[in-house]
2 protein chains.
Amino acid sequence: MQPQEDRKRVMIEGVNPEIDGGRYPIKRTVGETVEVGADIFADGHDAISAVLLHRKETESQWTETPMEFLVNDRWKGFFVVNEIGRYVYTLESWVDHFQTWQRDLVKKVDAGQDVSVDLRVGAEIVADAIPRASVVDAKRLKEWATNLKSSRDLKDRVHAAADEALKLLMARYPYREFATRYEKELRVVVDRTRARYSAWYEMFPRSCTDAAGRHGTFKDCEIRLPYIAQMGFDVLYLPPVHPVGRTHRKGRNNAPVASPGDPGSPWAIGSEAGGHKAVHPRLGTLKDFRNLVSRASEQGVEVALDIAFQCAPDHPYVKKHPEWFRQRPDGTIQYAENPPKKYQDIYPINFETENWRALWEELKGVFLFWIDQGVRIFRVDNPHTKSFSFWEWVIAEVKRDYPEVIFLSEAFTRPKVMYRLAKLGFTQSYTYFAWRNTKWEITRYFNELCRSEVREFFRPNLWPNTPDILTEYLQMGGRPAFVVRSVLAATLGANYGIYGPAFELCENSPKEFGSEEYLDSEKYEIKNWNIESPGSLQGLLGRINRIRRENSALQSDWSLQFHPVDNEQLICYSKNTKDYSNIVLVIVNLDPHHTHSGWLELPIKDWGLEPTRSYQVHDLLSDARYLWHGSRNYIELDPQIVAAHIFRLRRRVRTERDFDYFM
Amino acid sequence: MQPQEDRKRVMIEGVNPEIDGGRYPIKRTVGETVEVGADIFADGHDAISAVLLHRKETESQWTETPMEFLVNDRWKGFFVVNEIGRYVYTLESWVDHFQTWQRDLVKKVDAGQDVSVDLRVGAEIVADAIPRASVVDAKRLKEWATNLKSSRDLKDRVHAAADEALKLLMARYPYREFATRYEKELRVVVDRTRARYSAWYEMFPRSCTDAAGRHGTFKDCEIRLPYIAQMGFDVLYLPPVHPVGRTHRKGRNNAPVASPGDPGSPWAIGSEAGGHKAVHPRLGTLKDFRNLVSRASEQGVEVALDIAFQCAPDHPYVKKHPEWFRQRPDGTIQYAENPPKKYQDIYPINFETENWRALWEELKGVFLFWIDQGVRIFRVDNPHTKSFSFWEWVIAEVKRDYPEVIFLSEAFTRPKVMYRLAKLGFTQSYTYFAWRNTKWEITRYFNELCRSEVREFFRPNLWPNTPDILTEYLQMGGRPAFVVRSVLAATLGANYGIYGPAFELCENSPKEFGSEEYLDSEKYEIKNWNIESPGSLQGLLGRINRIRRENSALQSDWSLQFHPVDNEQLICYSKNTKDYSNIVLVIVNLDPHHTHSGWLELPIKDWGLEPTRSYQVHDLLSDARYLWHGSRNYIELDPQIVAAHIFRLRRRVRTERDFDYFM
């Protein structure tokens, strides 16, 4: 045992946030706060002091901020992370003999006890601090010590002892030789703001076409950019843009055999034209791709690429690295399957391969290749079917040099696996949002995501639809269902996305009843969407995205709070900035078929509203304004008009006292 | 990175029990089970297997037990600890290619797919296991492999593939090269049964006297032993038996100045006659003490000693080791204080002393000294005012050679400090039980102690009174209050104790109104108790302790479960053995003044009782028997008769079918 260790009397435990005992970092974006809580206590009754320490991982100098005592041995402190990258934090605490002495002295004086010896004790404690102090402060401490020891008047000495100035001075020079440093250094990954707040638009480039059957190109996508930018989306996510395999190519509606001219699934990656580092020849060239990235950027839109680590049988890897795939006794390579389902157009990569090192390096190279083309956001396809260790490694490797890169985990699998991937480094994650329809389901799920420890490492990205998911709610609820789901996605989630134009055009025909696949799915054919169709939701989406931009309450998920409504079809929740200067209240009628009404109950006290005065709620969707009063208010929503309110609370309501001639 | 590490595909997390990330051991007693849960999963869809590993800390060989899959990636396993000492446990899991193959093959066959290549894949997996198998099993595996590969009839081969015998055989020889071993080895401290189940009786030896004013002796204590044993107590706890200091000795009722003849507080330890390794001359000799220990043991009673690490000013340590105490500028030693309260008869030890190593060794020597005298149970006074590191060290040191030693922590302080002391090694702990009176308070507190993670490290020992604590409930509730509190203590807590004879004689006069101190407290004077007083609870206590002995459900706290009663003054709870062969149901009227009645609701289904048949409840206190029916039953308790039922459930109720001539 270390001699020093054994005289350390302070214990630090129950530190929070701390993910899996510090095994994983927490996540923040630039400018956010890390609030740290801990149980801190010593034996006996001595006063203690505690500080929170933090530093950038690459720097050695710690910054200290004092922690504050709350209750029941619980302490709290915080720091702000101002740069992208990794931070480290830990805690330190010590028995504070000066504070103990000052506190006890006051009690003794109050009880009329003789404190002459105690004053001499205090003088010694103050004198001990002199060598630790600056020259100026040392002089002041010396004076205090003398004063405590030998002032003529005992009353003066007692006054000196309790002096706030002495307390502050001594707080600068505590005796920390036996301070306890928390045994762990905990980590924070700090991302750029878009990791926390983003609006995604997924689009198949090959369907950006003005004529049925013509294969769209990157140049066509450029023409589509203003449409996307005007709707207010800031991430344009493209499914794989690589050459598509020919062997076992799927036909329309996932037919096992393709007809001539069928383009195949973009996720069946690789042909003689190249693999994960090539673009499909019919989309254009790499230069065209880079141009698209630049044009998009000029309009405030960032291009995100799909990275799907799997290969069509024609992928160059299959010939060059057959050992990266699972061989069968008949000499064939094992295609993907989920028995009894077969995906013969796709070979999964075998992460148990002996040659895993080369494999990992090659896959890392895929990310770096696209980073070289200007991409900084990747949507990763099915990460849960690849090795966890690989993800932890590759994300860390990429972010070491490019800490601004964002990885979205597309894992629709079991909750613990989804959370694990987030812990391992994914910046954002898909969620079960698409299948959470009722008030009970939504409330329960989003309380878990936004109000439990999960939020420290898992950033939800909400999608009402994807090319694989046309939910039954959308199939059956008509246009109002699309309105409901877009309002929910965009306001429950600071990060959300839609798969368009299918979404804004309210496309809702399933392949067959009971299926969530689209009929004539774009995954297997080129579509020619009429984006200017009069029924399009493009105006609504544009408005919703503007509301998000103008209300910073909607740019984070941590303040989400559900409020009671006495009707199960009406859901009500709010988000607010920390200082409550921006409060957004959302009410949605979850029933796409019928008008519903009810009374809701709001925590107006928390919002600084007086129960006796009116306040204004301004519906940012319809621009209507209502005067409300107190915590209970009436709501009625007709899905045929608009199924939701997105209110901004406005405190000030004019009264006669504001009227010019009132006085 | 380790090449091997990176091909390990299984993740193990959320392991439970695991105290503070494995920093502290969990606790068990001999014969108990350790049930371990964990989240275990791999990427993709492969089947996995998992085992729980355990060993004694001193042995190197692990024992493996298979874990079972529950739901949502949760697995469970268990092992039994059969010896006193320390155990270690951890987990291991791997992707099981054979299981995956067998599971998928069945699905493919069911879907009518061609599985001829799959059968060859299986043959290879089976053949791979041959080198790992015993000679006999290797031969059998070879046969299976041949069979799978080359049986004439495909149907036979499919049958072979799905065969349970093959599955069992393969389960013996899994491929574990890429198995994931959980990164932590977690510890269990296994104590003897008395750590879990004990009934304590605290008694001042000097008051074991037959004449007022005569100082009792160890020999007098021997005479008192049958009284204690007949009541069924198995631990006799003695306050400090050392010489009592003279300087600043307290008088009766804690008077600042003692009168001549006042014996002083036994906790003011040490005089010219010796310190912590000496006995008070008026109690007798060390030999007398050892005799008492032996006599007690013969009657099934174990003597527990109070260890209070503090010194009277006359303690030999003060002269020999002045550096172990805090010096004041006037040359005096700092006495104990909690401003404005002063305890001038006691010097606390300064654990921040430079000479801490010698101090620690000396204090450890105190334990070893009394172990040499035959003591194996220590009640430790105010451990929370001494260094935490010291406790962790000294308890581990003592238990290394004497793992049977039990340490009871007397820390009535803040919850986190109490829990920390338990984590550091204390075998049992005092609780807030004395101050938990209402149904809500009791339910909440005991759910925390017995049903949360706390139970893994904190063993409650319930005391309705102590020499320092005469609760207001006891002061005001008369004899029924004592009955209520003894039933609660003895049935809520497998470990409980009373401070007698004050308790069984229902002594309830406080020093003054608002104080929890006894009037004429035994701490400051010799008492002469009339233990055969007719109002004594000795009969009741004897019965309660016999009930505890005869019903193993009451010998552990983990099964405690509260049941609803529609009257706030009636509390109802049960304990049961794991197999429900012994179920004890306790109902207490918490109001010592009035009769209360109500309906209670029991989980009879969990208990294996049919809702349509009657069952018997046998009141072990009154010996009355009741026929009950269904889950709702009526209860009425008059505190003037007896304020509680302790029912044993008896399933079998005789019916006409049991009657001799029924058929």
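This briefing looks at chain A as a whole and at one helix of chain B. The model is predicted, so to speak of local features takes a pLDDT of at least 70 and side-chain atom pairs count only at pLDDT 80 or more, while totals for chains, interfaces and linings use all residues. Residues are numbered from 1 along each chain as its sequence is written, chains are lettered from A in the order in which they are written, and side-chain values use heavy atoms, with hydrogens and water left out.

**Chain A overall**

- Chain A has 14 helices and 30 strands; these are DSSP runs, with helices being H or I of at least four residues and strands E of at least two.
- The C-alpha trace of chain A spans about 105 × 80 × 45 Å along its principal axes.
- Of its 663 residues, 59% count as buried (under 20% relative accessible area with a 1.4 Å probe, protein chains only; exposed is over 50%).
- Take the contacts (heavy atoms within 4.5 Å) in chain A between residues at least 6 apart in sequence: 75% of them join residues at least 24 apart.

**Helix α5 of chain B**

- Helix α5 of chain B covers residues 164-171, and its buried residues are Leu166(B), Leu169(B) and Met170(B).
- Looking down the axis of α5(B), those buried residues fall within an arc of 95 degrees, so they line one face of the helix; the arc is that of the directions from the helix axis to the C-beta atoms.
- On the face turned away from the buried side, α5(B) carries the exposed residues Leu168(B) and Ala171(B).
- The cover over the buried residues of α5(B) includes α1 (97-110), α2 (116-129), α3 (135-150) and α4 (154-161) of chain B.
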